[in-house]
Amino acid sequence: MSRGLALAVLAIAGCTDIIDPDETPPLCGDPQPIWAISQHSMTYLSCFDYAYAWDAPGVRHRGHSSDTSVVTVTNKVPDPGSAPYENNILVLTGHTPGTAVITIEAITSGGLKRHVHPITVRLALETEITRCDAEPIPGVEGATHLAMDAWGKSNANLKNLNVTGVAGRDTVMQVFMERMGAFTRAEWSVKAAGGPMPQEPVQCELSFEFEMHGHGVPQIEGY
């Protein structure tokens, strides 16, 4: 699975050595920041899950979020017959964009151990409207061009992306993208015929409907 998917196993290897249970579990280096996608879940396997599976196989690790409006943490329900460490996989679900801190706890014979990870929750798609205006069509009385330029940057692998742009009361943009890969950027531009020149500045809006690549649950985000 790709790291760009909203559902990705972030398993940190290198912690399988048997260590003194009174020692703090190794972290395989400094705790790394985690990012998540708004309204989607990802699984996370912390470093000392491997090292302490033998130590307290019946005890689940726990995760706590400093801001549950940004992200929540729950334990994954393991499949029957799964490996001991799978009892300690945490599921991180992003909610609103923002930053928080995840504290992960493990109970060992040496006591309660903790390590902390910063987390950033992003929108699946970031966008900006860079042009929104109306201009008379030369030689055509009572008609205008409604112009709209915008861009979008995906923070996950998206599929079946529909982009709808509305200028004033008119739908002027309708773009379909079968695939939009993680961390790619697309630009959209349109100039459509409209009615009489509006008395007030034109207001433009974008809305999106898409699915995460590999997942069947549609997501809708509007701006």
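Reader: What makes strand 11 count as largely enclosed by the rest of the structure?

Author: Seven of the ten residues of strand 11 (residues 158–167) are buried, so this strand is largely enclosed by the rest of the structure. Buried means under 20% relative accessible area, exposed means over 50%, and partly exposed is in between (1.4 Å probe, protein chains only). A strand here is a DSSP run of E with at least two residues, a helix is a run of H or I with at least four, and both are numbered from the N terminus. Before we go on: this is a predicted model, where local features need pLDDT of at least 70, side-chain atom pairs count only at pLDDT 80 or more, and totals for chains, interfaces and linings use all residues. Residues are numbered from 1 along each chain as its sequence is written, and side-chain values use heavy atoms, with hydrogens and water left out.

Reader: How do you know which strands pair with strand 11?

Author: Two strands pair if DSSP finds at least two bridges between them. Strand 11 and strand 12 (residues 170–180) have nine bridges, in the antiparallel sense. With strand 14 (residues 204–212), strand 11 has eight, antiparallel again. So both pairs meet the cut-off of at least two. To spot them, look for Val166 opposite Thr171 in strand 12, and Asn162 with its bridge partner Glu209 in strand 14.

Reader: What sits between strand 11 and strand 12 in their hairpin?

Author: Two residues lie between the strands, and in this hairpin Gly168 takes a positive phi near 65 degrees.

Reader: Why is Gln39 called partly exposed?

Author: Its relative accessible area is 47%, which falls between the 20% and 50% limits, so Gln39 is partly exposed.

Reader: And what about Phe183: where is it, and why is it called partly exposed?

Author: Phe183 is in the loop between strand 12 and strand 13 (185–194). Its relative accessibility is 44%, so Phe183 also lands in the partly exposed range. Its phi is positive too, near 65 degrees, and Phe183 is not a glycine.
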